[in-house]
Structure formats: C-alpha cells, structure tokens
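Please walk me through this model in the viewer. Tell me what to select at each stop and what is found there.

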Amino acid sequence: MNALIARSRPVAGRVRFALALAVLGAFAAGGARAENHRRICASLESHYFIFDSKFFDLEGALGAGAALRYELASDFYFENGIGLFGADANGVAVDGLDYRLNLFMIVPYFMPLRCRPVARLGVGFLSVNPVTATPTDTYRPTQTAFYVFGGAGMTRAVLKHFLVEASANAWITPYKYRIYRFNRVDVDTSVERFAHLSISLALTYTF
C-alpha cells in the first residue's frame with residue numbers, strides 16, 4: 001500500500017503540472033486571439049480624379065497607387081497611401097502624385113450581398129507639373145497643394161483574406177492657393193481654393 005501511494009504521488013504531480021500548463025496555454029491563446037485582431041492590410045488601388053475647373057486647366061486624370069493600413073481598434077484603421085496619375089492640360093501631358101494620411105473605418109453594419117460601408121477622413125497632398133508659361137510648355141515647376149481628404153464607399157470580402165472596395169472621395173483645400181501664370185510681358189496671379197473628386201477601386205489583402 002505504501003508503495004502504491006509512493007507511486008501515485010509522482011503521477012498526481014504530473015497531472016497538476018499538466019493542468020497548470022493547460023491553464024497557462026488557455027490564457028496565452030486568449031491573448032494571441034486579441035493580438036490577431038490588430039490586422040494589417042495592403043491595397044492596390046485605381047483612381048480617377050475629377051479636378052476643379054480652376055486647377056491649372058487639368059482634365060480628368062487616371063492613376064494607380066498603393067495603401068497600407070494598421071488596425072487601431074476593431075474595424076478602425078490608420079491608413080496611408082501614395083499614387084501616381086496622368087492628366088491632360090490643353091493637349092499637354094501632365095504628371096501628378098497624390099499622398100494621403102487618414103483614418104479608415106469599416107462601419108459595423110451588415111448590408112445585403114455581404115457589403116459593408118466604409119468611411120475615410122484625413123489629410124493629403126496633390127503635386128502636379130502643369131504648364132504655367134506661354135507660349136512655351138517648357139516652364140513647368142511642380143505645384144503642390146495641401147488638402148483635407150474624406151469620403152465613403154462600400155467593401156466586400158471576396159476570398160478568405162481579400163476585400164474589394166469602391167469609394168468616392170473629396171479633396172478640398174482649407175486655404176486659398178495662389179496660382180502664377182507667366183507670359184511674355186508679365187506675370188498673372190490668381191487666388192483660388194480647389195475642390196476635387198476622386199473615384200477609387202481597390203483590392204485589399206488582410207494579414
């Protein structure tokens with residue numbers, strides 16, 4: 001009997017040790033699940049810009065870009081994006097760059113067809129190299145303006161880790177911007193405030 005009790009003591013110790021490990025593992029797994037909720041997303045985007053009529057005579061611009069966002073809370077992200085676009089100004093090709101920093105939210109409301117609303121709000125920059133001198137198109141200094149950026153759209157999951165998104169976004173300068181135009185005799189200036197619209201399609205990978 002004493003030998004049986006002696007043998008049972010190591011077994012009981014092992015059981016207690018295994019139970020302790022199981023409890024610690026459960027807590028660790030719960031913590032890992034909480035950490036997994038902080039998702040990182042990468043997007044490839046296509047943009048079409050509808051520019052203000054006062055914006056250096058630029059017509060609509062088609063561009064592409066990429067964005068990266070990090071989840072701050074459930075379905076609430078910090079996002080930054082950069083892209084390039086090309087436009088036409090009176091027959092002259094104009095290149096441009098867009099950059100933005102914004103907050104991004106997937107609204108926690110399920111819509112039909114498994115689509116969910118999204119919203120953005122932040123700041124951005126648009127840089128272009130338009131023609132600012134006549135009669136030549138060789139004098140083209142870069143023009144950069146600061147914008148308040150915001151918009152809304154819809155997103156839908158298409159695969160396990162992929163989302164597709166369509167959105168419309170407004171770019172509005174919070175201040176008046178001075179435009180310089182050079183000709184043979186003098187320099188013309190005007191003070192304008194710009195408001196643009198961009199329509200975007202994006203494919204997002206979540207990991």
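A patch is built from residues with over 30% relative accessible area and no salt bridge, joining like charges within 9 Å and nonpolar side chains (Val, Leu, Ile, Met, Phe, Trp, Tyr) within 5 Å. A salt bridge is a side-chain nitrogen of Lys or Arg within 4 Å of a carboxyl oxygen of Asp or Glu. Accessible areas come from the Shrake-Rupley method with a 1.4 Å probe, and for residues only the protein chains shown count as cover.

The model is predicted: local features need pLDDT of at least 70 and side-chain atom pairs pLDDT 80 or more, while totals for chains, interfaces and linings use all residues. Residues are numbered from 1 along each chain as its sequence is written, and side-chain values use heavy atoms, without hydrogens and water.

**Stop 1: the surface**

Select Ile40, Leu68, Tyr70, Leu72, Phe78, Leu101, Leu103, Val123, Tyr205 and Phe207, a nonpolar surface patch with about 830 Å² of accessible area together. Strands β2 (61-73) and β4 (92-106) each give two or more of these residues; strands are DSSP runs of E, at least two residues, numbered from the N terminus. β2 has the largest share, 3 residues.

Now pick Leu101 in β4.

**Stop 2: the cavity**

Next, show the largest cavity, of about 110 Å³. A cavity is a set of points on a 1 Å grid over the protein atoms alone where a 1.4 Å probe fits but cannot get out, and lining residues have an atom within 4 Å of a point. Grid points are joined across faces, edges and corners, and the volume is the space filled by probe spheres set on them. Select Glu45, His47, Arg100, Asn169 and Ser200, the closest to the centre among 16 lining residues. β7 (162-172) gives the most to this lining, 5 residues.

Key. Helix = DSSP H or I, 4+ residues; strand = E, 2+ residues; numbered from the N terminus. 1 Å grid on protein atoms, 1.4 Å probe; cavity = no way out; pocket = protein on both sides within 12 Å on 5 of 7 lines; lining within 4 Å.
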